Amino acid sequence: MNSPVTSIKLVLLGEAAVGKSSIVLRFVSNDFSENKEPTIGAAFLTQRVNMGDHTIKFEIWDTAGQERFASLAPMYYRNAQAALVVYDVTKPQSFIKARHWVKELHEQASKDIVIALVGNKLDMIEAGAERKVAREEAENLAQEENLLFFETSAKTGDNVNEVFLGIGQKIPLKTAQNQAQNGGRGSSGLRVNDDSRVDLRSGNQSTSAGGCNC
Amino acid sequence: MGVRPTTTTSSPTQREIYQKSNNSSPSLMGSLMKSLKSSNSTRHHHHHNQSGAEAGGDNDADQRSRSTYPLLSRSSSQNNASQYHGHGVSHIHMSPLRKSSSGSSSTTNVSTQKDRHHLKKDKYFRDLDEDWSAVIEDYNMPIPMISNGGSELKPPVNVGLRRKEGVESRSPSAGYPSLPHLNKSQSSDLKTQYEHESERELQELNSFMHRVSKFEAILQPSNGSQINLSELRRLSWNGVPMLHRPQVWRLLIGYAPANIKRQSSLLQRKRQEYRDGVALVFSKEHTRDIPTWHQIEIDIPRTNPLIPLYQFPLVQQSLQRILYLWAIRHPASGYVQGINDLVTPFYQTFLTEYLQAAQKENVSKLSPDVYLTHEQLLDVEADSFWCVAKLLEQITDNYIHGQPGILKQVKHLGQLVKRIDADLYEHFAQENVEFIQFAFRWMNCLLMREFSMDMVIRMWDTYLSETSLESSSSSVADSSGVTLSSDPSLQNSPVSTYREKSSSKTMQSKHSAVATPRQTSLSEFHVFVCAAFLVKFSDKLMNMDFQETITFLQNPPTKCWAESDIELLLSEAYIWQSLYKDATSHWR
């Protein structure tokens, strides 16, 4: 099947250690590791998803969470069509940070950007940890700010794919394509997916280290 | 064969290159030791003309220049290059030679513009050929090369070596077991390959021993009590034997004083000062900086998650104390992710000091409480603290607000690649690949995420030899306003006197841009290492689009790099630095 491919440039933002990289790892490789090294700068990954007769290719910039790296974030969200703002449902501080990111995105990012608010580490509550961010509170924020809202567990995989599917559905495919063509050559360097180019990579390949030929 | 290298030392720059690119003994020995243990027989053996197999390894200059022949001649005589593929030591990829290096891949889409580029480059290197002509024909000289043949010989060699390391000899004059000399090898025709290989091993062992004794000689100066630091730096640049590494690193970074009479009292004082600092910062009088503490706390289990050593709670608590104390004492920077990585080579190295020689390589697996008392562990912790503090002094700008040091380095990397590999630079521009997208981490973590811990530690032998003694004054300023004042008694020590002198000198040179011969700067050298690292993959990268490029550079195929690969990288960086010194003098 030679379905049309639409690229969606997506950026992840959120406090350190809320599970941004783990969400991406789950989505891209269906994998999880308990202690991942902190992301420095940003990591780039891709994944393709079939939606109806369309293929969406997510081009994901997974940014570093620590405050000191925050000045790099605009470079990554400037031309993004979608953003995941992630917090940890057991860490109230991370929800405050999430509010800040939503505000900054509304002020600085593209006007049409689709934002999903994502409360991660749901598994910890199921395992007995105390929930510190009420679902209603997050839902209210999502409603006020016109955000998609999900609670996920990157560890169990719960609801992770739904986040990306939700974003895929929210972005009109044509718009996504146009935006990609208009904005792709911008200074952020986020690359346009050129439909005429045959892409040999599957999403999963993008995370694997590949063998070492020595 | 074999124009003798009489002319090769004609210019000081060349000699410097030779010295720096001498990657023979320690590393080879490290590899040899590994190869002795592993039965990895798939490695290529070296089948070069053995007629020149050397008698002993005691002519250092001779040895040095020989070991660099492949490196230098590779860059000048392209035709022979393929011979060396498969051998780490001589496996060089300088990008101007992309056309010639290993590549069916690279030349498929040659454009006329590209050809012009290469012509220019060829011409450039032809000029160099004249200078280096003396070494070209020595191409087939035997190179100390890793080889694992001669298995029958392994046990005795192994035992002898271990015993030697185990002694940790205090007397430099004790001498080393005199190994069989190899000067009977002239009749090489009659020798079997096995014999050649075992000779080679002995040769390597000899040169390793020679090297060890050179370290001993420097570390225990026979006349006077002053360790010659510049000599130590020169020697350490090419790798430090594991046995000496803790002591040497403390000296190189400027933590231990060069005056050996003062060493133990100063270390004792600094270790006590660390204990006092920890006691104060974790006492009730000190209000915990919660965000900093929290950030460190969540990063500790994520530090080297694949190395068993860093999973022991004892070790994690150690690192947490080091990082928290450092962060509190350096509020301008505070704790930044990546600094946690930078502590670990020190910590691991200082642990080895307490391990039996045979156990040193297991440091990454053993729980320290098996072989350390609590007090000893605190000493290791203290040394790691002071050393990482010294290291961070040199790269403070990397971690303060906005991280200007990193941004500057990334910019310099771009400028440098534009000059040394214009094709790649152009290709990146076309694909919208920006240097910051992949090089930020290279700068923030000093390439630690790119290599295995053992390789990082070897790399740091060189890096610490590149550290300058200039920036200590800024750290005093940084920490003066904080809970702990720096030890006043230290101000009078020879170290600080020396440092004050050197720092005022360099402050001067910073302002007036005085060109000094090879002023070391870790940040600057690191940019050259990054450039050498990048252009190493130039052939591949030229055929990649944006996504492939970023994905590749995020996860480069360096997992199984050996010491020889690291040393080649460092040598290449050094050569680039020598070639582009003028072009980059404005960086400072």
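Author: UniProt positions are quoted here in the numbering used for this structure, and such annotations may be inferred rather than shown by experiment. The model itself is predicted. With that understood, the part to look at is in chain B, where an unreviewed UniProt entry lists residues 239-467 as "domain: Rab-GAP TBC".

A pair of helices in chain B can be examined in detail. Two packed helices are described by the angle between their axes and the distance between the axes. Helix α9 of chain B covers residues 260-281 and helix α13 of chain B covers residues 374-394; their axes come within 9 Å and cross at roughly 95°. Angles of 65 to 115 degrees count as roughly perpendicular, so α9(B) is roughly perpendicular to α13(B). On the α9(B) side, the contact is made by K270(B), R271(B), Y274(B) and R275(B). On the α13(B) side, L378(B), D379(B), E381(B), A382(B), F385(B) and W386(B) take part. Sorted by class, the residues of this contact between α9(B) and α13(B) are five nonpolar and five charged, with no polar ones.

Next comes the partner chain. Contacts between the chains involve 29 residues of chain B and 25 residues of chain A. The side of chain A that touches chain B is made up of ten nonpolar, nine polar and six charged residues.

Chain A has seven helices and six strands, which run from the N terminus in the order β-α-β-β-α-β-α-β-α-α-β-α-α. Of its 214 residues, 50% count as buried. Among contacts in chain A between residues at least 6 apart in sequence, 74% link residues at least 24 apart.

A82(A) is in strand β4 of chain A, which covers residues 82-88. A residue counts as buried when 20 or more other C-beta atoms lie within 10 Å of its own; A82(A) has 28 within that distance and is therefore buried. Leaving aside residues up to four places away in sequence, A82(A) touches I8(A), L10(A), I113(A), V114(A), I167(A) and I171(A). As for N120(A), its C-alpha atom is 18 Å from that of A82(A), and the two residues are 38 apart in sequence.

Key
Residues are numbered from 1 along each chain as its sequence is written. Chains are lettered from A and ligands numbered from 1 in the order in which they are written. This is a predicted model: local features need pLDDT of at least 70, side-chain atom pairs count only at pLDDT 80 or more; totals for chains, interfaces and linings use all residues. Axes are lines fitted to C-alpha atoms, for helices over the stretch in contact, and angles run from 0 to 180 degrees between N-to-C directions. Helices (H or I, at least four residues) and strands (E, at least two) are DSSP runs, numbered from the N terminus. Angles under 35 degrees count as roughly parallel, over 145 as roughly antiparallel, 65 to 115 as roughly perpendicular and the rest as oblique. Two residues are in contact if their C-beta atoms, placed from the backbone, lie within 7 Å. Ala, Val, Leu, Ile, Met, Phe, Trp, Tyr, Cys and Pro count as nonpolar, Asp, Glu, Lys and Arg as charged, and the others, Gly among them, as polar. A residue is buried if 20 or more other C-beta atoms lie within 10 Å of its own, exposed if 12 or fewer, and partly exposed in between; C-beta atoms are placed from the backbone.
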